[in-house]
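Work through these exercises with the structure open. Try each task before reading its solution.

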Amino acid sequence: MALRLGPRDPHCPDLGSRPRPFQNLLLLLWVLLACDLGATAQGPGQWTPWGSWSRCSSSCGPGVSVRSRRCVRLPGEEPCWGDSHEYRLCPLPDCPPGAVPFRDLQCALYNGHPVLGTQATYQWVPFHGAPNLCDLNCLAEGHAFYHSFGRVLDGTPCSPGAQGVCVAGRCLSAGCDGVLGSGAQEDHCGRCGGANDSCLFVQRVFRDAGAFAGYWNVTVIPAGARHIRVVQRSRNLLALLGGDGRYVLNGDAAASAPGTYEVAGTRLLYTREGQAETLRAVGPTTHDLLLQVLLREPNPGVHFEFWLPREHYGPFQAQAQALGWPLRQPQPREVEPRPAEPPAVQVAIPAQVPTLAPDHCPPCPDTRGRAHRLLHYCGSDFVFQARVLGRHRQAQDTRYEVLILLIYKNRSPLRTREYVWAQGHCPCPSLAPHREYLLAVRRLVSPDGTQDRLLLPSAGYARPWSPAEDSRARLAARRCPV
Ligand SMILES: *[C@@H]1O[C@H](CO)[C@@H](O)[C@H](O)[C@H]1NC(C)=O
Ligand SMILES: *[C@@H]1O[C@H](CO)[C@@H](O)[C@H](O)[C@H]1NC(C)=O
């Protein structure tokens, strides 16, 4: 094993920064002697690889197998970090009915033997009222005392009918990796110990306001979705259709009872309290669900989210667009009230102001360049090619209506037509109507969830689209840290 040097000693000067050659030589000698050679190795030692798993501690019921490793330490090294033993539950068939439970067996070993320093003998049965569950606490039958015979054997259930088993005197439960006490948990994608990176998080607010009362399609929740959550606050009702096209919830314009519903292989929890309505399901779902909202008053927004396996994301996006959502309408609530303005003005702000008159905006600074592109490509939620259909002022902002032609990157579904917002009336970069651009934009959801916008940040990335721009974008895509 190689000698590993500890972190730099603060007393050992940095050789590179001294200008005088002769002194450098002396210094070098001194440093080599005093700092490197003479110093003892620091830090923890190193583990050997894990040995193999032992045989199971029992032949039926819960059992435990163990593996171990050794810490190899040089003189002066600290003990290794971490555990030297690892335990896991071993897969064993249930014990036959009538078999003596493991703990009973261990107490019974003391039956008829003199214990407690006297010649008296007892019949012992497990006693479960003592503080440490992993001590072998046994009650002397017919007597009002128990005795603790030390630890139970590894693999003994901590208490009857409970999850954990005792290992080295501690009650441990298995993580999703089967290792006892590992604490490993499933991530939101359903992977044990994963980092949420094998699926995508879809989160949107559906705020199309229907011109008519009735059922409106909100979204498809595709098969394989996990951690589904839908919330809306109004007199409207959420509705859900199963794969067979039948209503599971709130069909026929009638409200279903709050409670749990078995849907698409998962359990759906439906609550309605006051005006707050929620749907929750852990998933994964076994087939597609269609989420709708039954409008009875203007829609303040249906917030929905779920986690989707990466491979289901493309088809989902296509489905979402095929649902034919109308272009997101500007909502009165999307006009941010500005505290500085008198209230009368806020109320009077029309939802849409005609295209800007030829304005007198100063020219924008040049933001070309690879570094700029990379920064915005990697840092944005969406990158796409789009044609600008129109440009409007709205309150303090500029709103572009765009037709999305090609998507390079997206964090949530995009519709074919979207609004892209920019701050101010003279935003930079500035987009001209009827032209095509490569845009890197962010999604901005206000903390109260009432605003959900695609934002072209000031000094952000917007370049006239060209085949060269297309290949630059594809190149940038490969450079982003994952
Ligand atoms: C996965 O995402 C959920 C929800 O955001 C979060 O609570 C959890 O900590 C994440 N897990 C990991 C391993 O990052
Ligand atoms: C909602 O979506 C379903 C399934 O795609 C479709 O059959 C139906 O016509 C849609 N309804 C509305 C109101 O758009």
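**Exercise 1. Locate Ala264 and decide whether it is buried or exposed.**

Solution. Start with the position: Ala264 sits in the loop between strand 15 and strand 16 (266–273). Next, take its relative accessible area, which is 8%. The cut-off for buried is under 20%. Ala264 is therefore buried. Last, check the backbone: phi of Ala264 is near 45 degrees, a positive value in a residue other than glycine. Keep in mind that this is a predicted model.

**Exercise 2. Find Asn250 and describe its backbone and its burial.**

Solution. Asn250 belongs to the loop between strand 14 and strand 15. Its phi is near 55 degrees, positive although the residue is not glycine. The relative accessible area of Asn250 is 0%, so this residue is buried.

**Exercise 3. Is Ala253 buried or exposed, and what does it contact?**

Solution. Ala253 lies in the loop between strand 14 (247–249) and strand 15 (259–263). Its relative accessibility is 52%. Exposed means over 50%, so Ala253 counts as exposed. Now look for partners. Setting aside neighbours within four places in sequence, Ala253 contacts Tyr215 and Leu294. Then compare sequence with space: Ala253 and Ala239 are 14 residues apart in sequence, and their C-alpha atoms are 9.2 Å apart.

**Exercise 4. Which residues of the largest nonpolar core touch the most other members?**

Solution. This core has 30 residues. Val230, Leu279, Leu291, Phe304 and Phe306 touch the most other members. Strand 18 (residues 289–295) gives the largest share, 5 residues. Another core, of 17 residues, lies apart from it; Phe382, Phe384, Ala422 and Leu431 are among its members. Now take Phe306. Not counting residues up to four places away in sequence, its contacts include Leu200, Val220, Ile228 and Phe316. The general rule: in soluble globular proteins, nonpolar side chains tend to be buried together.

**Exercise 5. Which residues of helix 3 are buried, and what covers them?**

Solution. Helix 3 covers residues 310–322. Tyr313, Phe316, Gln317 and Ala320 are buried there. An α-helix has 3.6 residues a turn, so residues three or four places apart point the same way. The cover over the buried residues of helix 3 includes strand 10 (199–206), strand 11 (214–221), strand 19 (302–309) and strand 21 (397–410).

**Exercise 6. What surrounds ligand 1?**

Solution. List the shell: His188, Gly194, Ala195, Asn196 and Trp307. Sort it by class: 2 nonpolar, 3 polar and no charged residues. Then examine Asn196: a polar atom of its side chain lies 2.3 Å from an oxygen atom of ligand 1. Finish with area. Ligand 1 taken alone exposes 360 Å², and the protein buries 39% of that.

Definitions and conventions: Residues are numbered from 1 along each chain as its sequence is written. Chains are lettered from A and ligands numbered from 1 in the order in which they are written. This is a predicted model: local features need pLDDT of at least 70, side-chain atom pairs count only at pLDDT 80 or more; totals for chains, interfaces and linings use all residues. Side-chain values use heavy atoms; hydrogens and water are left out. A residue is near a molecule or strand if one of its heavy atoms lies within 4 Å of it. A polar contact is a pair of N or O atoms within 3.5 Å; within protein, one must be able to donate a hydrogen and the other to accept it, and residues adjacent in sequence count only if both atoms are side-chain atoms. Accessible areas come from the Shrake-Rupley method with a 1.4 Å probe; for residues, only the protein chains shown count as cover. Ala, Val, Leu, Ile, Met, Phe, Trp, Tyr, Cys and Pro count as nonpolar, Asp, Glu, Lys and Arg as charged, and the others, Gly among them, as polar. A nonpolar core is a set of buried Ala, Val, Leu, Ile, Met, Phe, Trp, Tyr and Cys residues joined through side-chain atoms within 4.5 Å. Buried means under 20% relative accessible area, exposed over 50%, partly exposed in between (1.4 Å probe, protein chains only). Helices (H or I, at least four residues) and strands (E, at least two) are DSSP runs, numbered from the N terminus. Contact means heavy atoms within 4.5 Å.
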